[in-house]
2 protein chains.
Amino acid sequence: MAESESATVDLEIIVRGAQEGKKQELRLWLRMLSTTKLISQEIRRRLRNEFGATLPQFDLMAQLYREHDGLRLGELSKRTMVTNGNVTGLVERLETDGLVLRETPDGDRRVTVAKLTKKGDEIFAAMAAAHEGWLRELMADVDPTIIAELWKDIGEVKSSVNNHLSGAAFD
Amino acid sequence: MAESESATVDLEIIVRGAQEGKKQELRLWLRMLSTTKLISQEIRRRLRNEFGATLPQFDLMAQLYREHDGLRLGELSKRTMVTNGNVTGLVERLETDGLVLRETPDGDRRVTVAKLTKKGDEIFAAMAAAHEGWLRELMADVDPTIIAELWKDIGEVKSSVNNHLSGAAFD
DNA sequence: CGTAAACCTTTGACATTTGAAATATTGCTC
DNA sequence: GAGCAATATTTCAAATGTCAAAGGTTTACG
């Protein structure tokens with residue numbers, strides 16, 4: 001009868017949910033990872049060709065750009081999601097190139113604050129404008145509605161991940 | 001009348017589309033990047049703690065796992081999106097640990113084929129099972145419908161990016 | 001005050017990453 | 001069959017990345 005038919009259908013749905021759905025998260029992760037790598041590589045190539053800069057340098061300067069008073073290295077480390085030791089070297093190289101300067105505030109000599117030099121500020125402004133254009137260009141075929149939805153939904157993924165980290169960490 | 005009112009509304013939409021929508025792609029990219037970094041770091045930490053392995057090693061072994069006959073280093077490089085020179089070092093270390101072996105086929109002595117050893121195969125199977133579980137766990141708060149949608153929509157992003165790369169490259 | 005705990009950055013060892021140049025091998029062409 | 005383009009991998013220098021340990025500095029507590 002209709003009952004046994006729908007029971008069969010339900011079973012199929014359950015089975016499908018348990019099998020096909022099983023690795024959905026893994027599939028999503030692999031696709032996120034490959035897409036992010038693809039975009040990163042392209043951005044890296046363009047930054048290198050057009051500005052002679054690296055992606056980590058760009059990221060670091062982006063943080064300093066919107067904090068005119070500079071940031072402590074630890075804060076830079078958190079924002080760029082780069083380890084402390086790594087920030088040290090990055091800032092060192094940028095300082096050598098005259099894009100960033102380091103200073104120790106009077107109050108606390110444990111602290112080092114990094115800020116953009118005038119030159120660094122000017123160069124970054126140009127890079128940021130180009131960078132934004134590149135992203136618009138790379139995603140040109142994607143409907144704006146989908147872009148907005150992706151932004152929202154990836155936000156949910158990020159929240160979920162933050163809630164399930166083994167160490168402590170937040171958004 | 002209604003006409004001038006709707007004209008005003010349209011203008012607003014246009015302005016909003018031109019201003020708020022302007023950096024949508026950039027916002028999406030920043031969120032994708034930070035989310036991917038977050039997940040990568042967590043996976044890396046767990047791989048290290050529970051298996052003493054690194055993420056690139058895991059990625060490389062994942063490719064070899066499903067190709068029982070092994071892969072040429074160039075093919076490995078493409079699939080893992082890692083440069084040639086990098087593959088050399090990765091495989092070298094994995095060979096030292098007895099997880100991978102290299103051999104040169106008779107036909108073409110330019111080629112090096114890497115494949116998993118029995119030990120490598122066994123260890124990877126355990127890592128893969130854990131890895132899949134970690135992802136399910138990390139994304140546990142996200143509705144399966146959204147997971148599926150994200151997979152599809154990120155696919156569109158990837159296609160678009162592939163169509164706008166400066167060098168040649170494909171999916 | 002004096003010491004221990006907490007905080008911030010640097011250093012060191014090692015792995016990964018890129019890009020370009022160097023090697024080695026094969027295949028094609030005249 | 002000698003020369004040369006195309007393939008495939010390795011090597012190299014420089015930058016980025018993690019983690020753990022070490023260095024100073026400041027704060028808090030007895």
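Me: What makes a residue count as near DNA strand D, and which come closest?
Reply: The cut-off is a C-beta atom within 6 Å of the strand. In this predicted model, 26 residues surround DNA strand D. The closest are Thr83(A), Gly85(A), Gly74(B), Asn84(B) and Gly85(B).

Me: Which elements give two or more residues to the surface near DNA strand D?
Reply: Chain A gives helix H3 (55-65) and helix H5 (84-96). Chain B gives helix H2 (24-51), helix H4 (73-80) and helix H5 (84-96). H5(A) gives the most, with five residues.

Me: What classes of residue make up the surface near DNA strand D?
Reply: There are five nonpolar, 12 polar and nine charged residues.

Me: Which residues come nearest to DNA strand C?
Reply: They are Gly74(A), Gly85(A), Thr54(B), Pro56(B) and Gly85(B), out of 27 residues around DNA strand C. H5(B) supplies the largest share of that surface, six residues. By class, the surface near DNA strand C divides into five nonpolar, 13 polar and nine charged residues.

Me: Why is the relation between chain A and chain B called a two-fold axis?
Reply: Look at the rotation and the shift. A rotation of 180° superposes chain A on chain B, with 0.0 Å of shift along the axis and an RMSD of 0.1 Å. In chain A, the C-alpha nearest the axis belongs to Leu150(A), at 3.4 Å.

Me: How do you know that the same surface serves both copies?
Reply: Of the contact residues of chain A, 100% recur in chain B. The contact takes 50 residues from chain A and 50 residues from chain B.

Me: What makes up the side of chain A that touches chain B?
Reply: Helix H2 (24-51), helix H6 (118-138) and helix H7 (144-163) of chain A each give two or more residues. The largest share, 18 residues, comes from H2(A). By class, this side has 23 nonpolar, 11 polar and 16 charged residues.

Me: Why are E1 and E2 of chain B called edge strands?
Reply: The order of the open sheet is E1-E3-E2, with antiparallel pairing. Strand E1 (71-72) and strand E2 (100-103) each pair on one side only, so they are the edges.

Me: How do you know that E2(B) and strand E3 of chain B pair?
Reply: Pairing needs at least two bridges. Four bridges join E2(B) to strand E3 (residues 113-116), so the two strands pair. One example is Arg102(B), whose bridge partner in E3(B) is Ala114(B).

Me: How does H3(B) lie relative to E3(B)?
Reply: H3(B) runs at about 90° to E3(B), lying across E1, E2 and E3 of chain B.

Me: What describes the packing of H3(B) and H4(B)?
Reply: Two packed helices are described by the angle and the distance between their axes. H3(B) and H4(B) pack at about 115°, with axes 10 Å apart. The crossing of H3(B) past H4(B) is right-handed. H3(B) makes the contact with Asp59(B), Leu60(B) and Gln63(B), and H4(B) with Leu76(B), Arg79(B) and Thr80(B). By class, that is two nonpolar, two polar and two charged residues.

Notes
Residues numbered from 1 in each chain as written. Chains lettered and ligands numbered in written order. Predicted model: local features only at pLDDT ≥ 70, side-chain atom pairs only at ≥ 80, totals over all residues. Contact = placed C-beta atoms within 7 Å. Nonpolar A, V, L, I, M, F, W, Y, C, P; charged D, E, K, R; others polar. Axes fitted to C-alpha atoms, helices over the stretch in contact; angles between N-to-C directions. Left-handed = near helix turned anticlockwise from the far one by under 90°. Least-squares fit on C-alpha atoms with pLDDT ≥ 70 in both.
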